[in-house]
Amino acid sequence: MTQWKVRRQAVTRRGFIAGSAAAGVLGFPAVLRAQARTVRVGLIHPVTGFVAYSGQQSRIGAAMAIADANKAGGIKGMGGATLEAVLGDSQSKVEVGVSEVERMNEAGVAAYIGCFQSPVGIAASQAAAKYNTPFIIDVGASDLIVNRGLKNVFRLKPGFGKCVDDAVVALGEINRAAGSPAKSAVLVHESGEFGTGTAKLLAGKLPSIGIEAKELIPHDNPTRNMDNVALRIRGIQPDILIMSNYVNEYTLLARTLHQQRVNLVGMFSVLGGGFNYRLARDLPDVAENMMDYNHWFNPKSSKAQDLKRRVEATGALFTFEVYLTYNSVMLLVDALERAQSADKDKLIEALTASTWSTDIVPYGPTRFVNGQNEGGRAVGLQVQKADIVVVHPAEYASAAAVFPKPRYN
Amino acid sequence: MPTSQILFAGLINGLMAGGIYVLVAVGLTLIYGVLHIINFAHGSLLMLAMYAVFLLWRKPLGLDPYAALPIVTAGAFALGYMLYRALIGHFSHGKDENILLITLGLSIVIDNAALFLFTGDTQTIDVAYAGRMISLGPALVALPKLVSFAAALVICLLLGLLMTRTDIGKAIRAVARERQGARLVGIDVERVMATSFGIGIACLGAAACLLMPTYYVSPSSGHAFVLIAFTIVALGGMGSFKGALLGGLLIGIVESIGGLWLGEQLGQIGIPLVFILILLLRPTGLFGAAR
C-alpha cells in the first residue's frame with residue numbers, strides 16, 4: 001500500500017512536469033512553429049522561351065520584394081514568418097504554366113504570383129482555383145483573367161480594357177492639343193489574346209476621338225520580317241500607327257518603319273512590349289518620339305527612384321515587369337499581415353478587402369472588384385532624347401508630348 | 001487587293017528575305033548532303049554566331065558586323081569542326097540516329113547556356129548604314145538587306161566552286177556519294193565530315209554578320225530561321241546547293257506575296273502549300289537526286 005502511494009506521488013509529480021512540457025508543445029503549436037515559419041510563394045514566369053526577357057525581369061522584381069519584406073522583419077502578424085520563393089518557369093507555354101501550379105501545390109505554396117502572359121495566367125489561375133489558392137496576376141493584360149468569377153484571382157494592375165480607355169482619352173487630348181492632325185490609324189498587333197484583345201478594343205473606341213481605324217494587321221510570334229507590314233502601312237497611309245506586341249516584334253517593326261522612312265504623324269502603342277529603356281538607348285533614332293500607353297513607375301516617388309537605382313545597380317533595366325511584380329508581392333505581404341495566417345480562405349478574404357497602396361506606381365488605394373483593382377492606371381509615355389518621359393496625365397507628366405513627330409526627309 | 005507597285009515591292013522584299021533564308025539553308029543542306037543528318041542545333045548555332053557579332057560590335061572592340069565577317073565565319077568553322085571531332089563524330093559511333101540526338105542535346109545546352117549568360121534580353125546593334133535605303137523602282141530596300149542578298153549569291157557561288165574546283169570539294173563529294181569507297185581510296189573520311197560540318201556552320205557565321213544590322217538576337221532568335229531552313233532544304237532537294245538557293249528565294253517570295261494577299265498570319269500558308277505541291281511533283285525536291 002505504501003509502495004502504491006509512493007508510485008502515485010512519483011507519477012503525479014513527473015506526470016505534471018511531463019504534462020506541462022507536452023502542453024507547451026501541443027497546446028501552443030503556432031507560437032513554437034512560427035519562430036521557424038516560412039510562407040511559400042509560387043512565382044511562375046516565362047524565364048525561357050520567346051518572352052524570356054520579360055519573365056526574367058518579373059523574377060527580379062519578385063526576388064527584390066521578397067528580400068525587402070524579409071529584411072523588414074517578415075510577416076509580423078505571423079510571428080515574423082519569412083517569405084520563401086518557389087520558382088517556376090512556364091517556358092512561355094500554357095501547359096507548362098499549369099504543370100508548375102500543380103508542382104507548387106505539392107510544395108505547399110500559400111499563394112501564386114505570375115505569369116506575364118495572359119493565356120498562361122488564365123490557365124494557371126484556373127488550375128490554382130481547384131485548390132482555392134490565391135493567385136495574384138502581376139502583368140497579364142487580358143480582361144478574361146478577371147471576368148471568370150474566380151474568387152482566388154487578383155490583379156493589381158489595370159487590364160487592357162481600362163488601359164485602352166485611358167489610352168484613347170490620352171491620345172484624344174494629345175491630338176486635340178496639336179490641332180487634330182491624326183484622323184486615321186492602322187493597328188498592328190500580335191495574334192494572341194493580349195494583342196488581339198487590345199487591338200479590337202482600340203478599333204472600337206478610336207472613332208470617339210475622331211480617328212478611324214483603317215486596318216488591323218495581326219502577326220505571329222515570332223515574326224522574322226516586318227518589311228511587308230511596313231509596305232502595307234505605307235500603302236494605307238494612316239496618320240498614326242498603333243502597336244500592341246511583345247518586345248522582339250515591337251523592336252523589329254519600329255526599326256523596319258524607321259528604315260523604310262514611313263512617315264507618320266505619330267507612333268502610339270498601347271501596352272507596347274518593347275517600349276523600354278533599351279529601345280530608347282540602343283536605338284535612339286528609331287525610338288525618338290515614339291509614344292506608349294503603359295504601366296510605369298511614378299517618377300515623382302522617392303521610393304520608386306530608390307528601387308530604380310537598386311535595380312539598375314544590378315545591371316538590369318527598370319522595366320514595368322520589375323515593379324509590377326514587386327508590387328504584387330507587397331500586396332500579398334500586406335494581405336498576410338492582415339490575415340495573420342497563410343490559410344487560403346483568410347488570405348483570399350484579406351486580399352478581397354485590401355486597401356493597400358504604394359506611391360511606386362501612380363495608383364490610388366487598392367480596391368478589388370471581382371478580382372480587379374479599380375485603383376490602378378497606366379500613363380502616357382514618350383521617348384525624348386533617348387530617355388523615357390511621362391507626358392500624360394498632367395499630374396504625373398514630366399514633359400510635354402512632341403506631336404506630331406517630325407517627318408523624314 | 002494590292003496594287004502592282006505594292007506587289008513588285010513585295011516581290012523585292014521576298015527576294016531580300018529569301019537571301020537570308022538561303023544562307024541558313026545552304027549550311028544545313030551541306031551538312032545533310034555529306035553527313036546525312038539533320039542538324040537540330042543549327043538554329044542554336046546561328047544564335048550563337050549572332051551573339052558573337054553583337055559582342056564584337058559592342059565597346060571596346062566596336063567592330064562593324066561586315067568587318068567581323070571573316071572573323072565570325074572562321075570562328076564558326078572552327079567551332080563546327082571541333083564540335084564534330086570532339087562530340088558528334090566521337091559519340092555517335094557512326095549511327096545516324098545518335099547524331100540526331102546529339103545535335104538535339106547540343107541545341108538544348110546552347111540555348112540554355114545563352115539564356116544563362118546573356119539573359120532573355122533582346123540585343124540589337126545600331127550601325128550608321130542600317131537606315132540607308134536604296135530605291136529599286138517603287139520598292140525601297142534597306143542597304144543591309146541588299147548586301148545580304150548579294151552576299152548570299154556570292155557565298156553560294158563560292159561554295160559551288162569549292163565543291164567542284166578544289167580537292168577538298170572533291171573529297172566532300174566523294175564522301176557524300178559513297179563513304180566506304182572514299183575511305184578505300186585514302187580519303188580521311190572523319191576529317192572530311194568534320195570539315196563539311198565546319199563549312200555548314202561557317203555559313204551560319206556569315207548569315208549572322210549579314211542579319212545583325214537589321215535583326216535582333218535573343219536566346220530564341222535562331223529558331224525563327226531554322227524551321228524555314230528545314231523546309232527549304234527538303235524543298236530544294238537534300239544536299240543540293242542549287243536547290244537551297246532557288247528554294248530559299250522561292251520561299252521568300254511566296255511568304256512575302258502570300259502576306260500581302262492574305263495577311264501576315266494567313267500568308268504563311270503559302271509556304272507549306274508550295275512545299276507540298278513541289279514534293280508531289282518531285283518527291284526528292286527541286287534538285288534532289290533519287291537514291
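Three salt bridges link chain B and chain A, a salt bridge being a side-chain nitrogen of Lys or Arg within 4 Å of a carboxyl oxygen of Asp or Glu. Keep in mind that this is a predicted model, where local features need pLDDT of at least 70, side-chain atom pairs count only at pLDDT 80 or more, and totals for chains, interfaces and linings use all residues. Residues are numbered from 1 along each chain as its sequence is written, chains are lettered from A in the order in which they are written, and side-chain values use heavy atoms, with hydrogens and water left out.

**Where the chains meet**
- Chain B and chain A bury about 3200 Å² between them, with 48% of it on carbon and sulfur atoms; buried area here is the accessible area (1.4 Å probe) that two parts lose on being put together, summed over both.
- On the chain B side, Y216(B), E264(B) and Q265(B) lose the most area to chain A, together 19% of what that side buries.
- Chain B puts 41 residues into the contact and chain A puts in 36, where contact means heavy atoms within 4.5 Å.

**Salt bridges**
- Across the two chains, D227(A) pairs with K145(B) in a salt bridge, and their closest N and O atoms are 2.6 Å apart.
- Over all chains, the whole structure has 14 salt bridges.
- Within chain A, R40(A) forms a salt bridge with E84(A), with the closest N and O atoms 3.3 Å apart.
- R40(A) sits in strand 1 (residues 38–45) of chain A and E84(A) in strand 2 (residues 82–89) of chain A, so this pair ties together parts 44 residues apart in sequence. Strands (E, at least two residues) and helices (H or I, at least four) are DSSP runs, numbered from the N terminus.

**Helix packing in chain B**
- Helix 1 (residues 4–35) of chain B packs on helix 5 (residues 143–165) of chain B at about 30 degrees, their axes 7 Å apart. Axes are lines fitted to C-alpha atoms, for helices over the stretch in contact, and angles run from 0 to 180 degrees between N-to-C directions.
- That makes helix 1 of chain B roughly parallel to helix 5 of chain B (angles under 35 degrees count as roughly parallel).

**Helix packing in chain A**
- Helix 4 (residues 94–106) of chain A and helix 5 (residues 118–129) of chain A also pack at about 30 degrees, with axes 8 Å apart.
- Helix 4 of chain A is therefore roughly parallel to helix 5 of chain A.

Notes. Angles under 35 degrees count as roughly parallel, over 145 as roughly antiparallel, 65 to 115 as roughly perpendicular and the rest as oblique.
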